[in-house]
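Let's take a friendly walk through this model. Keep the structure open beside you while you read.

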Amino acid sequence: MAPGPVPLHHEAVDMLHDILTPGSDRLAHALAVGRRAQGVVAAHQFPHPDLVVAAAYLHDVGYAAAATDTGMHQLDGARYLRGLGYEVDLCRLVAHHTFALVEARNKGLDGALEAEFPRPSTPDLDAALDVVSFCDLTTSHTGEPVTVDERFAGIYDRYPADHVVTRTMREVEPLARRAVERVRVRASLS
């Protein structure tokens with residue numbers, strides 16, 4: 001019997017090792033977010049598990065030098081993946097993780113983001129986006145598990161008060177907290 005196709009999330013892990021700096025915080029964070037998603041979807045029957053896990057691993061691929069274009073990692077990552085021929089739903093999940101549309105608006109890129117990668121709009125894909133955002137928001141920038149409070153505090157500590165990331169995260173914090181809670185409830189997490 002011939003082996004089946006390689007799961008999408010395995011490709012994602014290989015890609016991260018190829019394009020992110022070995023030993024970097026960025027690589028550690030991306031890998032930890034993906035592993036966290038694996039645990040969440042496996043234990044709690046979320047739809048499209050391989051897609052969700054792959055998107056979680058690849059959520060920050062836009063930070064890679066090979067992907068950087070606009071300076072908005074969500075859009076850059078989605079464009080990079082689209083250029084490699086990945087499916088549109090994966091690109092859309094990467095493009096919109098952690099309420100990226102707000103950052104896009106704050107950077108004047110919301111028109112491009114919405115035109116190229118419309119936000120996922122089915123209940124299954126909304127749930128998938130919540131899982132990716134949940135995993136991102138409960139993993140530190142160095143890959144350690146954290147509470148959402150610790151994650152926001154870490155972001156606010158790393159960026160100046162007037163930085164677009166700080167302004168954006170302050171704006172999305174209530175939305176992000178609701179997304180985290182939706183996943184906690186659905187997955188029966190404490």
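## A pair of helices

Helices α4 and α5 run roughly antiparallel to each other, because angles over 145 degrees count as roughly antiparallel, under 35 as roughly parallel, 65 to 115 as roughly perpendicular and the rest as oblique. Please note that this is a predicted model, where local features need pLDDT of at least 70 and side-chain atom pairs count only at pLDDT 80 or more, while totals for chains, interfaces and linings use all residues. Residues are numbered from 1 along each chain as its sequence is written, and side-chain values use heavy atoms, with hydrogens and water left out.

Two packed helices are described by the angle between their axes and the distance between the axes. For α4 (residues 73-83) and α5, the axes come within 7 Å and cross at roughly 165°. Axes here are lines fitted to C-alpha atoms, for helices over the stretch in contact, with angles from 0 to 180 degrees between N-to-C directions. On the α4 side, Q74, G77, A78, L81 and R82 meet L90, C91, V94 and A95 of α5; contact means heavy atoms within 4.5 Å. The helices themselves are DSSP runs (H or I, at least four residues), numbered from the N terminus.

## Helix α8 and its neighbours

Helix α8 covers residues 123-137, 15 residues in total, and reaches 21 Å from its first C-alpha to its last. That is close to the 21 Å expected at 1.5 Å a residue, where the expected span is 1.5 Å times one less than the number of residues.

Twelve of the 15 residues in α8 are buried, meaning under 20% relative accessible area, with exposed over 50% and partly exposed in between (1.4 Å probe, protein chains only). The buried residues pack against α2 (25-44), α3 (49-58), α5 (88-96), α9 (148-158) and α10 (164-187).

C135 counts as buried because its relative accessibility is 0%. Leaving aside residues up to four places away in sequence, C135 touches V33, R36, A37 and V40.

## The nonpolar core

Which residues touch the most other members of the largest nonpolar core? They are L16, V40, L58, L81, L90, V131 and M169, out of 63 residues. The largest share of this core, nine residues, comes from α10. A nonpolar core is a set of buried Ala, Val, Leu, Ile, Met, Phe, Trp, Tyr and Cys residues joined through side-chain atoms within 4.5 Å.

V40 touches F46, V131, F134, C135, V183, A187 and L189, not counting residues up to four places away in sequence.

Technical notes. Helix = DSSP H or I, 4+ residues; strand = E, 2+ residues; numbered from the N terminus.
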